[in-house]
Amino acid sequence: MLAAIRDEVEPVVTLTHLLHLCRDEHRVLWERSGDTRTVRKVTVLVNKVAEELPLPGTTAVLEPPVRRALVVAFDQADDIPPVLIARALAELIDECYGHTFAHWFQRRSPYQPGVGDPVPLDSPDLREVTTMRSTSPPWRLAHRLDETRHVRLAGEWVVQFRVVFDYSLFDTLAGVVTADTVVATCHPNGSLGELDLTQGTQEGRFPVRPRDLGRQRTEIDRLVARATAAGASIVVLPELSVTEGLAMGLREWVQRPDGPRVLVAGSYHRQTGTDQAPGRRRNTAIAWVRGHEQPLTHDKYSPADRPVVEDIQPDGWPELRIYPTVDGWHLTIAICRDLLNPQAGNALSEAGANLILVPAMSETLMPFGGPVAHLVGANQAFIAVANNPGEWADGTDRIAARPARALFGHPGLGQQSRLVQPRDSGPGVALLNVRSAAITWLSEPPLTPVPFAVGADDIPQPPSRPTWLSQLLARAGTSGTSARRAGRPVWLRPAAVLVLLSDGPDGPRVLLTERAADLKDYPSELVFPGGALDQCDSGDPVAAALREAQEEVGLDPHCVQVIGLLAPMALPRSGFLVDPVLAWSADPLLSGSVNLAEVAALRHIPLRELAEWATRPSAGAPPHPPGVTAETIFSDPAPLGRMTATVIDQLLGMLPQRQTVLRTVVKERS
């Protein structure tokens, strides 16, 4: 090893020699790394080497004085095991020369490592990508002896899979994921009846493809157009949703200025060879990248065995192709059950894959949650799984009959993955906002506004307020639409919630959201939409409440009339000082989508129902409150949050007649 270091000018190669010693002598390293006397001696020797090193980022090769200093450090080790010196020097070289490693790998592209060869470990700074609190980067999770911040030694996983690092998109994909990135999955089919599965149930099925190619192309174009109109720059289509010709034709989308930057054009069945000499049957996924002429391809290596047997013939040595980018992303494509293969999951994790796009066609996405969560936790990966179709069976089994349409992995999600399972099985688009981890489902076609001339008689008049609202205003003493508080010192973090009332057949109704079960604060509780004030709110709780309601449940702020502010409430446990913003709407318009990362259900509940609920402490939440439509119920009812119950108590006290009697009961229950 010393002879190799003495003559080697490439920092990556020298680092690899040092890591080999760390791997071979790992027992000694663990035994002696806690000896304070030994650690002090190692520090002195390493500091002498550091004096010969250039400033980080200034030199690409190991100059002779540096190489001599490395050798001398081992010669002066005396009774210190060489592996301790090797480990410390490996980290020193990684810190000083890490900027050169990507270029070293790029010069060897396509780079296929063998066992013991160096593998690039790149990772972007997620603080510049998402505002959500993410998992720790992999190099902080554990102290592995065969890796540093930027390099890892390949293990036996490169024998199980032909792992190839392809740097052909290194610069082309720069900035592929930023804080403004939206990832979309498009789902063109509602049932298996729209696919040609061929005849038979026991024998293998090949090829599987859409029945009506013209309709399929029209539907895909419509969905991709809607996804890009919603801001998506990465779009993924499901498995077997295209043919080879259809997939090739979708290239035009990345050539459009308003199209996506990356389009995974699903996958298709194909047979290689000729009619006289047929080759293998394959399931191939392709992706188009703006600025890159050739498609990215991936052949499936884990055939499906249920609910249909997929008659394909994978290669004996399957390939995993990783596309590193200049800003640290490792893009790769997997097809459906490839992601469920434990060996493949380990190889993807070891290769540092952190942007994984997955076309799928499965009767359930539940098994995918574990592998996705593992990759998110290990590599801070972003993952999008596009599933198709929306219906699998006519039976009563809800999971088998109506599978989830998509699954997203995001480091900021509480459980690191989230299923998207809309109530209907029609075509639609699922969206993941990278910055906020917000997940939405678009099931309706985009609406095109039609301009028209508005005459004086056509100007809509404000809706008349119900009697109960006028009485409420008289008792609340709010300050009208100008609701900004000035000059009030805030020692807790300011926040705001929207207390939105509307009129229903049973009197006033209030808009509540059920928090997702895996959130840190107030999980599975019914609360008002709201959140902390952001810089864009300029200290105005009204602006914050309207913005949060729009982000969480898609509420159109133009349909809301702000009445004023109720008394602020301090929440010491969560560190917020909350301003309840009282508002009303004659017809609440939900022009956007529910943020499934935070909201499990959306409800318009009559205040009278909440009051009657409070008088039945053993009955729990009302099963289906009157006035709540089927579209607003996504899960079972949840308990009221404490602050929410307190605000409702105030409202009941302000309203006339029967509600006043019940306010004390609500307060006790809260």
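Which hand does the crossing of α5 and α6 have? I looked it up: the crossing of α5 and α6 is right-handed.

Ground rules before I go on. This is a predicted model, so I keep in mind that local features need pLDDT of at least 70 and side-chain atom pairs count only at pLDDT 80 or more, while totals for chains, interfaces and linings use all residues. Residues are numbered from 1 along each chain as its sequence is written, and side-chain values use heavy atoms, with hydrogens and water left out. Helices (H or I, at least four residues) and strands (E, at least two) are DSSP runs, numbered from the N terminus.

**Entry: α5 with α6**

Helix α5 (residues 64-75) packs on α6 at about 155°, the axes 10 Å apart. Axes here are lines fitted to C-alpha atoms, for helices over the stretch in contact, and angles run from 0 to 180 degrees between N-to-C directions. The two helices are therefore roughly antiparallel. My cut-offs are under 35 degrees for roughly parallel, over 145 for roughly antiparallel, 65 to 115 for roughly perpendicular, and oblique for the rest.

From α5, V66, L70, A73 and F74 meet P82, I85, A86, L89, I93 and Y97 of α6, where contact means heavy atoms within 4.5 Å. I sorted that contact by class and got ten nonpolar, no polar and no charged residues. For the classes, Ala, Val, Leu, Ile, Met, Phe, Trp, Tyr, Cys and Pro are nonpolar, Asp, Glu, Lys and Arg are charged, and the others, Gly among them, are polar.

**Entry: α4 with α6**

Next I took helix α4 (residues 36-50) against helix α6 (residues 82-97): about 45° between them, with axes 10 Å apart. That angle makes α4 oblique to α6. The crossing is right-handed. On the α4 side I noted T38, V42, L45, V46, V49 and A50, which meet L84, I85, A88, L89 and L92 in α6. This contact divides into ten nonpolar, one polar and no charged residues.

**Entry: α13 with α14**

Helix α13 (residues 342-350) and helix α14 (residues 369-379) cross at roughly 20°, their axes coming within 10 Å. So I log α13 and α14 as roughly parallel to each other. G345, L348 and S349 of α13 make the contact with H374, L375, A378 and N379 of α14. Its classes are three nonpolar, four polar and no charged.

**Entry: cavities**

I found four cavities of 30 Å³ or more. A cavity is a set of points on a 1 Å grid over the protein atoms alone where a 1.4 Å probe fits but cannot get out, and lining residues have an atom within 4 Å of a point.

Most residues other than glycine have a negative phi, and most peptide bonds are trans. I logged the S109 to P110 bond as cis, omega near -5°, with P110 in the loop between α7 (101-107) and β1 (118-120). F206 to P207 is also cis, omega near -5°; P207 sits in the loop between β5 (195-196) and β6 (209-210). C336 has a positive phi, near 45°, and lies in the loop between β12 (330-333) and α13.

Note on methods: On a 1 Å grid over the protein atoms alone, a cavity is a set of points where a 1.4 Å probe fits but cannot get out, and a pocket is an open set with protein on both sides within 12 Å along at least five of seven lines; lining residues have an atom within 4 Å of a point. Grid points are joined across faces, edges and corners, and a volume is the space filled by probe spheres set on the points. A crossing is left-handed if the near helix is turned anticlockwise from the far one by less than a right angle, and right-handed if clockwise.
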